Amino acid sequence: MNVQFKKGVLELCVLVLTSQKDRYGYELVEEISKKFEISEGTIYPLVRRLTKEGLFSTYLMESTEGPPRKYYKITEKGTEMKKVLVNEWKLFTKGVNEMLEEE
């Protein structure tokens with residue numbers, strides 16, 4: 001899959017997954033990797049940026065498997081952004097699907 005296309009979709013995927021429940025970075029990588037291939041290194045800069053933009057808050061939680069994990073919790077601003085991106089995605093995919101059907 002085209003790298004730039006995947007990066008654009010990744011923000012939407014991270015917002016959707018985090019709106020379902022609070023997540024830690026590697027958990028996001030695992031969930032997204034079930035659908036398409038991504039590298040671990042693409043998630044961490046993305047969640048840092050989303051946190052800096054106020055779309056996520058963070059907290060630490062003890063782990064039974066090593067050091068405490070940093071969890072990402074979607075904020076109200078993040079929920080609003082997710083809604084906007086989901087609507088844009090639906091319009092985009094509808095248009096693409098219509099063109100593919102005309103072929």
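Mentor: Happy to! A general idea to begin with: two strands count as paired if DSSP finds at least two bridges between them. Keep in mind that this model is predicted.

Trainee: Which residue stands opposite arginine 23 in β3?

Mentor: That is tyrosine 72. The pairing there, between β1 and β3, is antiparallel and has two bridges.

Trainee: And how many bridges join β2 and β3?

Mentor: Seven, again in the antiparallel sense, with β2 spanning residues 56–63 and β3 residues 66–74. Two residues lie between these strands, which form a hairpin. Phenylalanine 56 has isoleucine 74 of β3 opposite.

Trainee: What is the order of the strands in the sheet?

Mentor: The order is β1-β3-β2, in an open sheet of three strands with antiparallel pairing. β1 (23–24) and β2 are the edge strands, as each pairs on one side only.

Trainee: Which helix lies across β2 and β3?

Mentor: Helix α3, residues 40–52, which runs at about 125 degrees to β2.

Trainee: Now a single side chain: is threonine 18 buried or exposed?

Mentor: The idea is to compare relative accessible area with a cut-off: under 20% is buried. Threonine 18 is buried because its relative accessibility is 1%. This residue belongs to helix α1, residues 3–20.

Trainee: Which residues is threonine 18 in contact with, leaving aside its neighbours within four places in sequence?

Mentor: They are Arg23, Leu28, Phe56, Tyr72, Lys73 and Ile74.

Methods: Residues are numbered from 1 along each chain as its sequence is written. This is a predicted model: local features need pLDDT of at least 70, side-chain atom pairs count only at pLDDT 80 or more; totals for chains, interfaces and linings use all residues. Side-chain values use heavy atoms; hydrogens and water are left out. Helices (H or I, at least four residues) and strands (E, at least two) are DSSP runs, numbered from the N terminus. Buried means under 20% relative accessible area, exposed over 50%, partly exposed in between (1.4 Å probe, protein chains only). Contact means heavy atoms within 4.5 Å. Axes are lines fitted to C-alpha atoms, for helices over the stretch in contact, and angles run from 0 to 180 degrees between N-to-C directions.
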